[in-house]
Amino acid sequence: MGRKVIYIVATVLVAFIIINIFPFLWLVITSFKTRADTLTTVPKLFFEPTFSNYISAFAERGFTVYLVNSLIIALGTTALTVLLAFPAAYVFSRMKLKGDNHMFFVILTTRMGPGVLVAVPIFLMFSSLGLWDTHFVVILLHTAFNLAFAIWLIKGFIDDVPRDLDEAAWLDKLNPLKTAFRIIMPLCGPGIAITALFVFVMSWNEFLYALLLTGNKAKTLPVAIAGLVTPHGTLWGQIAAVAVLTSIPVLLTAYLLQRYIVRGLTFGAIKG
Amino acid sequence: MRKETFGWMLVLPSFMYLMGVIVVPWIYSIYLSFTNLSYTSPGIVSFVWDTNFIKMFDDPKIYASIGKTAMIMVPAIVLQMLFGLFIAWGLYTLGTSAKVRILTTIYVLPIVMSSSVIALTWYFILHSEYGVLTYLLRSFGLLKGVSVWSDPNLVIFGYVLVDTWQWLPFVTLLFWAGMNAIPRDLVESANVDGAKGFYFFRKVIFPSILPLFAVVLLLRGMDTFKIIDPIIIITYGGPGDASETLHFFNYREAFRLWNIGYASTIGLFIFFVVEIACALYVKFFMAKYVYGG
């Protein structure tokens, strides 16, 4: 392809990507504006930056609690998901079980139902048990919706570990459970870490179940920010501040994951 | 034989978990859909059998909400697939140097952002009075006297925009990865044959990523059909009922009007529509590309 064409393509793409990221940049800018500076008909590009939004959201409005809730739920989901997924992934990688080629459709099926369909019965069952609005119920659902994905992704990583290793372990009379946890798990540590990060991000960002299954005690950040919108006088500066802080951990994770994002998004189908 | 038994024992916890947390609630929903359970009209809860189903198929609001869902879904998916392909092709022609990697890292930011943050961002930049994008559009002579989130016709377009902004990077990234996975010798022999430009795209690139295209289309179709997060956050189905999509209608019946029986019926309906559509799609379209044959 000609040099000229390459330059044109590059220019168009760079321009497009800058425009594309503009909404996020505007969010960051807004988070440093005073209330008066956000509520102008002609948007202000130059202003005196302030940290007051960050301070008041976390010190006065109790967003620290929601931050802790988000952390507990995302970490709990990650731990439970990996613990359940790893042995299953090991089996799917090493043994030929009946029907495991339908995994793709099973994964899809867990994603097919609308959120409300599962949330209604869970809501009824857990309210009667007094477990509504707890970290536990959110972790339970987040794990359910990440489990099939995690199994598939980890399976892809275990596939990369030579089979001779477990054949040898089996000859040494190590049972599959011990083989999986003692021999294979340490070898695919990076793969498990990558999967864990993906699950963490998905749980951290999730909105609908967290909204439907929490009240005030276990509310997560994505739900709490949305609650800052009021019909009279929304504090956009504070919303932006919390939104930026909510995004920082996942942006860092994305940066760590960049090499593996494609693999994760395709459930391990493309090794990128 | 012993190994096989052990195998099942290791899969069992995950299997039981999914049964308990997803399948049991589904079955409970089926039960609920046959009852008239509702928290707003007190009375004895009783089996009403097919009443909810008949009510649903007679409910004009269901058809209206399906229409609105389609009006968001179709343009959003067309935009995402089309732009996704061309941006991916553009990135592909630039190669995989460090500079391109930095560019894609910036570009894919929306993938890891919370849908809640994205919805609020767009709510604000398209705000009727203080929105920066509203301001820019007005200075170009557009949006005179109206605003996206308060106009019954424009609001649909607003959600097309939000969904596309959130998911276009995802679609692009997958296509780009697919293109980079095309075997070198295939590309080189096509280049030797003098295949260039759009002809090269049409004859070599697109056929190679067709299986991936089929999967991405399926995933996006499934998710966009159930679009709800931005709608809860930005307009709550409004103005009026202009943005009341099917899943949002389901949500309102369940968690605002507390018509549990009826809401379960609608939820099951959405589930079966998606399930049947996916099964047909996989069987007749995707199987050909993905599983060979």
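**Close-up views of a two-chain predicted model**

**View 1. The surroundings of B:Asn259.** Leaving out residues up to four places away in sequence, B:Asn259 touches B:Ser38 and B:Glu253 (contact: C-beta atoms, placed from the backbone, within 7 Å). This is a predicted model, in which local features need pLDDT of at least 70, side-chain atom pairs count only at pLDDT 80 or more, and totals for chains, interfaces and linings use all residues. To find your way around, residues are numbered from 1 along each chain as its sequence is written, while chains are lettered from A and ligands numbered from 1 in the order in which they are written. B:Asn259 sits in the loop that links α12 (246–255) and α13 (260–290) of chain B (helices are DSSP runs of H or I with at least four residues, numbered from the N terminus). Its 21 C-beta neighbours inside 10 Å are why B:Asn259 counts as buried (buried: 20 or more other C-beta atoms within 10 Å; exposed: 12 or fewer; partly exposed: in between). B:Phe140 is 119 residues from B:Asn259 in sequence and 46 Å away in space, C-alpha to C-alpha.

**View 2. Helix α8 of chain B and its kink.** Spanning residues 154–180, α8(B) has 27 residues and reaches 38 Å from first C-alpha to last, close to the expected 39 Å (1.5 Å times one less than the number of residues). Look for a kink of about 40° at B:Trp167, shortly before the proline B:Pro169 (the bend is the angle between axes fitted to the seven residues ending there and the seven starting there). Since 22 of the 27 residues are buried, α8(B) is largely enclosed by the rest of the structure.

**View 3. The largest nonpolar core.** This core has 151 residues, and A:Ala85, A:Ile151, A:Ile154 and B:Leu120 have the most contacts inside it (a core is a set of buried Ala, Val, Leu, Ile, Met, Phe, Trp, Tyr and Cys residues joined through C-beta atoms within 7 Å). Helix α7 (residues 135–159) of chain A gives the most to this core, with 17 residues. Both domain 1 (1–33) and domain 2 (53–290) of chain B give residues to the core, so it lies between them (bounds come from an automatic or database domain assignment). Beyond its neighbours within four places in sequence, A:Ile151 is in contact with A:Ala85, A:Ala88, A:Ala89, A:Phe92 and B:Ser14.

**View 4. The two domains of chain B.** The centres of domain 1 and domain 2 of chain B, taken over C-alpha atoms, are 32 Å apart. Their contact takes 4 residues from domain 1 and 6 residues from domain 2.

Note on methods: Helices (H or I, at least four residues) and strands (E, at least two) are DSSP runs, numbered from the N terminus. Two residues are in contact if their C-beta atoms, placed from the backbone, lie within 7 Å.
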